[in-house]
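Let's take a walk through this protein together, from the whole chain down to single residues. Keep the structure open as you read.

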Amino acid sequence: MSIQIREHTPGHDIDDFVAAGHEVFRFDPTWVPPLDFEFKQRLTPKHNPFFNHADVTLFTAWKDGRLVGRCSAAIDREYLRVWKDDTAFFGFFDTIEDQAVASALLERAEAWARERGMKRLMGPFSLYPNEEVGILIEGFEHPPVLMMAHSRPYQGRLVEGAGYEKEKDLFCWRYTDRMEFPKRTLKAWEQIKALPEVKLRSVDMSRFDEEIRTIMEIYNDAWEGKWAYVPALPDEIEKMAKDLKLIVDPDIAFMAEVNGKVMGMCIMLPNLNEAIRDLDGKLFPFNWAKALWRLKVQHPRSSRLMLLGIKKELRKDVKRYGGLSAAMYVEVAKRGIGKGYRWGELSWTREDDAPINLGIRSMGAELYKKYRVYRKAI
């Protein structure tokens, strides 16, 4: 049996790369096909500012003429500027259950990266750490939520079979409308709400572009130096504003102001995947109306808490504002339940971030999924 690896140019020859996902997940009832037009835009340089600071190539695998897998390879110059570790990324790693196919794809990605001076391959990141991260290793029975990856149960084993080692596990937590916050957490929420200089206000949709810039300013401040952190650049923030404007529900996305200055943010998003799960990736010609009605009128019953951050300068005043993060968890839960959301995923947290994980668990969340990132010296 012959295995052929074909290389594809982003923005030009990507139909087979998109189709490979449908082939691999065809009989997986929990997979949610991404919207084809959005997926293709992400892989097209003129639509995705990531390509302004990155080199990317795409591979598909064919076995006896049949499309059986895919994998991307990327070198992010912004990541290299921050970390200086000669690391390239692989991503969109989806294959049939065949070690030879998986190894052939990864070997091509390794060769491509090595030819460009890289010494390590890490992933999957699609396309980089600010997008979907990791291979699912626990929680296969649950569909992926908005902007989170999904995997077949064998995919981690195939990566390991190609010589890769664990880099990091990432945790996903599940909150439901039946949870009860501990008294200590509720007290922190009450104390923060009582502070005259603190205001928890909804995201202002009338100046959403400005709000997104503020959100990402806090992100860049709060996440700097953390594992795999890559700053969000101005052109990426502009695109994010356009992408998220239709999705954001301001009732569950809010800012924390202190003395009139935004110092924190809590961004929970409706789970778009719930609205598009049965559309097979096709929004046109008629599915767009169905998706829009489900999102804005019916609205999903699930959500994803994607970002919660506080500026470093405020975190220094532990005595007065030490309870702010706990208060924002309570606030977003109360807002979500009041709006009719039944559950939400908080994702993701690092396995070695013990204080954060302990705090989340103490507030009644359930650890229900795990993702794994792999690495290999090349």
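Predicted model: local features only at pLDDT ≥ 70, side-chain atom pairs only at ≥ 80, totals over all residues.

The secondary structure of the protein chain comprises 14 helices and 15 strands. The radius of gyration is 21 Å, close to the 21 Å that the globule rule gives for 378 residues, so the chain is as compact as a globular protein of that length. Its C-alpha trace spans about 70 × 45 × 35 Å along the principal axes. Of the 378 residues, 58% are buried. Among contacts with a separation of 6 or more, 79% join residues 24 or more positions apart.

Now for the record: an unreviewed UniProt entry annotates residues 3–184 as "domain: N-acetyltransferase". This span is 27% helix and 33% strand, and its end C-alpha atoms lie 59 Å apart.

Next, look inside at alanine 241, found in helix H8 (residues 234–244). Alanine 241 counts as buried because its relative accessible area is 2%, under the 20% cut-off. Beyond its neighbours within four places in sequence, alanine 241 touches Phe208, Asp209 and Ile212. Glutamate 210 is 31 residues away from alanine 241 in sequence, with 8.8 Å between their C-alpha atoms.

The chain exposes about 17000 Å², with carbon and sulfur atoms supplying 51% of it. Phe37, Leu246, Phe284, Trp288 and Leu292 make a nonpolar patch of about 520 Å². Leucine 292 sits in helix H10 (residues 287–298) and is partly exposed, with a relative accessible area of 34%.

Note on methods
Residues numbered from 1 in each chain as written. Heavy atoms only, no water. UniProt positions renumbered as here; feature names shortened; annotations may be inferred. Helix = DSSP H or I, 4+ residues; strand = E, 2+ residues; numbered from the N terminus. Patch = residues over 30% accessible without salt bridge, like charges linked within 9 Å, V, L, I, M, F, W, Y side chains within 5 Å. Areas by Shrake-Rupley, 256 points an atom, 1.4 Å probe, with all protein chains shown as cover. Salt bridge = Lys/Arg side-chain N within 4 Å of Asp/Glu carboxyl O. Buried < 20%, exposed > 50% of the residue type's maximum accessible area, 1.4 Å probe, protein only. Contact = heavy atoms within 4.5 Å. Rg over C-alpha atoms; globule rule 2.2 N^0.38 Å.
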